[in-house]
Amino acid sequence: MANNMRYFIGNWKMFGVPKSINILDKINTFTNFNKRFNKNYKIIITPPFTLIESFAKRFKNKSIFIGGQNCYHKDSFGSNTGSISPFMLKKIGATYVIIGHSDNRAEGDTAKMLKNKVIGSLNNNLKIVFCIGENKKEKKKKLTYKVLRNQLTKVLEKKFNYNNIIIAYEPIWSIGTGKIPKSEDLKKISKFIKKILKGIFKTKKPPKVLYGGSVDGSNIASFKSLKEIDGFLIGGASKSSKKFIDIIKNYYR
Ligand code: PEP
């Protein structure tokens, strides 16, 4: 298990000021030390837009990659007040971008907009973390598989470079609630997602599938045995270097 590449992605959401770079400094020190033990993982942090450039400069060629939390659905410049395009993200040093987070879907992101965001981001050589997940009502009605299939097939296409796409399964009912799916459910769901991805991209090696939703230093141990899960998208616990480091430590313990 421990030798397979794992992702630990911290999504800061609306958190952080310039001095919050201290958090990344501590994570970087930990990672440099830890790498000596041959742990094979990648850390990506998505701070708010205001911090991407300074963070990306500081961690260029280091063990932390910086990404955006979202982007506009046109890929370069335009008369769209308050918007940031994939081109602009790339120019300030972002290498990843989250697309389709449930926060943004709730604010009106449609499948068509998400597809355009994916196309624009791939065109600008950004790697994509594409979020999918059912809400509480859908789970209750046993619609999880249908919802996930739709979210994947309505946006992703065979022609996309799937080497630059990562999927984050984030059940909405687990985000920020302290609730996590049962291991057996998560196993089945991640296998299902990989099956759909194999079909879309006509490949035997589909994109990585991460889990996100209330991951912390205590519950991370319960994900260790799930080889289908290639890493984690972490919200709340990524805003503290200690909590984020504890997740990685306890995953490999
Ligand atoms: C998220 O918002 O993507 C997330 C996973 O948040 P949390 O870890 O706080 O549930």
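Begin with the salt bridges, of which there are nine, each defined as a side-chain nitrogen of Lys or Arg within 4 Å of a carboxyl oxygen of Asp or Glu. The structure is a predicted model, in which local features need pLDDT of at least 70, side-chain atom pairs count only at pLDDT 80 or more, and totals for chains, interfaces and linings use all residues. Residues are numbered from 1 along each chain as its sequence is written, and side-chain values use heavy atoms, with hydrogens and water left out.

Select Lys57 and Glu53: they form a salt bridge whose closest N and O atoms are 3.7 Å apart. Both residues belong to helix H2 (residues 49–58) and stand four residues apart, about one turn of the helix. Helices (H or I, at least four residues) and strands (E, at least two) are DSSP runs, numbered from the N terminus.

Next, display the strands. Eight of them close into a barrel with parallel pairing, in the order E1-E2-E3-E4-E5-E6-E7-E8; two strands pair if DSSP finds at least two bridges between them. On average, neighbouring strands of this sheet are turned by 25° against each other, direction ignored.

Select strand E1 (residues 6–11) and strand E8 (residues 231–234), which run parallel and are joined by four bridges. Within this pair, Tyr7 has Gly231 of E8 as its bridge partner.

Contact here means heavy atoms within 4.5 Å; axes are lines fitted to C-alpha atoms, for helices over the stretch in contact, and angles run from 0 to 180 degrees between N-to-C directions.

Move to the largest pocket, with a volume of about 320 Å³. On a 1 Å grid over the protein atoms alone, a pocket is an open set of points with protein on both sides within 12 Å along at least five of seven lines, whereas a cavity is a set where a 1.4 Å probe fits but cannot get out; lining residues have an atom within 4 Å of a point. Grid points are joined across faces, edges and corners, and a volume is the space filled by probe spheres set on the points. Of the 17 residues lining the largest pocket, Asn163, Lys205, Pro206, Pro207 and Lys208 lie nearest its centre.

Finally, select Gly100, His101 and Ser102, which are among the residues lining the largest cavity. This cavity holds about 40 Å³ of space.
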